[in-house]
Amino acid sequence: MAANRPALIALTALAPISWGSTYAVTTEFLPADRPLFTAMTRALPAGLLLLALARVLPRGVWWGKALVLGALNIGAFFPLLFLSAYRLPGGMAAVVGSIGPLFVAGLSVLLLGDRPTLRTLLTGVAAALGVSLVVLKAAGALDLVGVLAALASTASMSTGTVLTKRWGRPDGVGPLALTAWQLTAGGLLIAPVALLVEGAPPALDARAVGGYLYLALANTAVAYWLWFRGIGRLTATQVTFLGPLSPLTAAVIGWAALGQALTPVQLAGMTLAFGATVFGQLKSRTTKGAAPSAGSFSSTERNARKDSIDVTVPVLRR
C-alpha cells in the first residue's frame, strides 16, 4: 500500500484541481445569479448517475449516515459556499475555506482520537497564508453574513470529511456507492430550496448545457468519487491539505485562460501554499499516546487505518 501512496495522493488531488475550474466555468458559461440551481445541477444528476452505476442502496443505519454526510459535504456546503462567494470581496471566501486543515485537525481530536502535532498546525497556517496572498485583492467592507457563511461552509465540509473517515463504509460497499449516496442526498436537499428561492429553472443555451454537463460529470461525479476514495485510504487531515490546490488552480486558470495577471506577491503565495500542500503529505514523527480504540471504527475504517500505518501523517498517533 505504501508503494502506491504517491499515486493515491495524486489521484485524490485531481478533485480540488478540478474544483479550481468551477469559478471560470460558472462565470463564462452559466446563467448569472443562479447559485442554488447550479449547486443542485452539480449534485443531483451526478448522484443519480453514480447510483445507477453502483446499484447499491444504503441499508439500516446507513440511510441516516448517508443523509448526514450528504447534508454536510454537499447539501449545506454548496449553498453556503456560493452565498459567501457572492457576499464577500475578492477571494475572501477562499481564504476562509483554506483554514479547513485546521478545522479538520481540531475535529480529528474529538471524533477520531488523533492528536495534531505542531507541524500540522504550522503547515495549516502556512497554507492559509499562501492562499491569502494569492486570492486577496483590494480590501472592501466585510459582510457579516458572508463571513459566517464562509465559516459555516468550511466547518460543514470539514465535519463531513472527518465523519466520512470515522464511519468508513459498510462492508462490501465501495467509494462509488458512498459518493452516489451523498451526492443524491445533497442534491435532493438543495432542490426544494432552489425552487423556493430562485423559482423555475432558467432557459439554457448550448454553452450553459455544456457547462452544466462538465460540472455534473467531471467536476462533481468523478471529482467527488476520487475525493471520497482518498478519504477512505488516507487520513482526514492529509486529504484536506490538498484543498489549497483548488484556489491555486483557479488562479492559474485565471492567468492562462482569462488574461488575469499574477503579481510577485501572488506567485510567492502560490509557492507557499503549494509547499504546505506537499509538506502535509510527507511522513512525520508521531506524537506519544495511545491509539484510538479499534472498537470505535467500522471494519472498513480499521482496515483503512491499518493500511496507512506505515506512512504516518501529521495527525496520527500510536
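In this predicted model, Val162 is in contact (heavy atoms within 4.5 Å) with Val104, Leu107, Ser108, Leu111, Leu112 and Ala236, once its neighbours within four places in sequence are set aside. Val162 belongs to helix α9, where helices are DSSP runs of H or I with at least four residues, strands are runs of E with at least two, and both are numbered from the N terminus. With a relative accessibility of 0%, Val162 counts as buried; the term means under 20% relative accessible area, while exposed means over 50% and partly exposed lies in between, for a 1.4 Å probe and protein chains only. From C-alpha to C-alpha, Val162 lies 9.2 Å from Ala105, although the two are 57 residues apart in sequence.

Residues are numbered from 1 along each chain as its sequence is written. Because the model is predicted, local features need pLDDT of at least 70 and side-chain atom pairs count only at pLDDT 80 or more, whereas totals for chains, interfaces and linings use all residues, and side-chain values rest on heavy atoms, with hydrogens and water left out.

Helix α9 also contains Leu151, which counts as partly exposed at 32% relative accessibility. The helices α5 (residues 77-87) and α9 (residues 144-167) have axes that come within 8 Å and cross at roughly 150 degrees. That angle makes α5 roughly antiparallel to α9. Here the axes are lines fitted to C-alpha atoms, for helices over the stretch in contact, and angles run from 0 to 180 degrees between N-to-C directions. Angles over 145 degrees count as roughly antiparallel, under 35 as roughly parallel, 65 to 115 as roughly perpendicular and the rest as oblique.

The α5 and α9 crossing is left-handed, a label given if the near helix is turned anticlockwise from the far one by less than a right angle; clockwise makes a crossing right-handed. On the α5 side, the contact is made by Phe77, Leu80, Leu81, Leu83, Ser84 and Arg87, and on the α9 side by Val145, Gly146, Ala149, Ala150, Ala152, Ser153, Ser156 and Met157. These residues divide into nine nonpolar, four polar and one charged. In this scheme Ala, Val, Leu, Ile, Met, Phe, Trp, Tyr, Cys and Pro are nonpolar, Asp, Glu, Lys and Arg are charged, and the others, Gly among them, are polar.

With α3 it packs at an angle of about 145 degrees, the axes being 9 Å apart, and α3 passes α5 in a right-handed crossing. From α3, Pro35, Leu36, Thr38, Ala39, Arg42 and Ala43 meet Phe78, Pro79, Phe82 and Tyr86 of α5. This contact comprises eight nonpolar, one polar and one charged residues.

The axes of α4 and α5 come within 5 Å and cross at roughly 20 degrees. The two helices α4 and α5 are therefore roughly parallel. Ala71, Leu72, Asn73, Ile74 and Gly75 of α4 meet Phe77, Phe78 and Pro79 of α5, a contact with six nonpolar, two polar and no charged residues.

What of the charged side chains? The structure holds one salt bridge, defined as a side-chain nitrogen of Lys or Arg within 4 Å of a carboxyl oxygen of Asp or Glu. It pairs Arg34 with Glu198, the closest N and O atoms being 3.4 Å apart. The pair links distant parts of the chain, 164 residues apart: Arg34 is in the loop between α2 (22-29) and α3 (35-54), and Glu198 is in helix α10 (residues 175-198). Both Arg34 and Glu198 are buried.

The loop between α2 and α3 also holds Asp33, which is exposed with a relative accessible area of 55%. Most residues other than glycine have a negative phi. Asp33, not a glycine, has a positive phi of about 60 degrees. Arg55 likewise has a positive phi, of about 55 degrees, without being a glycine. Arg55 is found in the loop between α3 and α4 (62-75) and counts as exposed at 74% relative accessibility.

Taken as a whole, the protein has 15 helices and zero strands. Buried residues account for 51% of its 318 residues. Among contacts between residues at least 6 apart in sequence, 90% join residues at least 24 apart.
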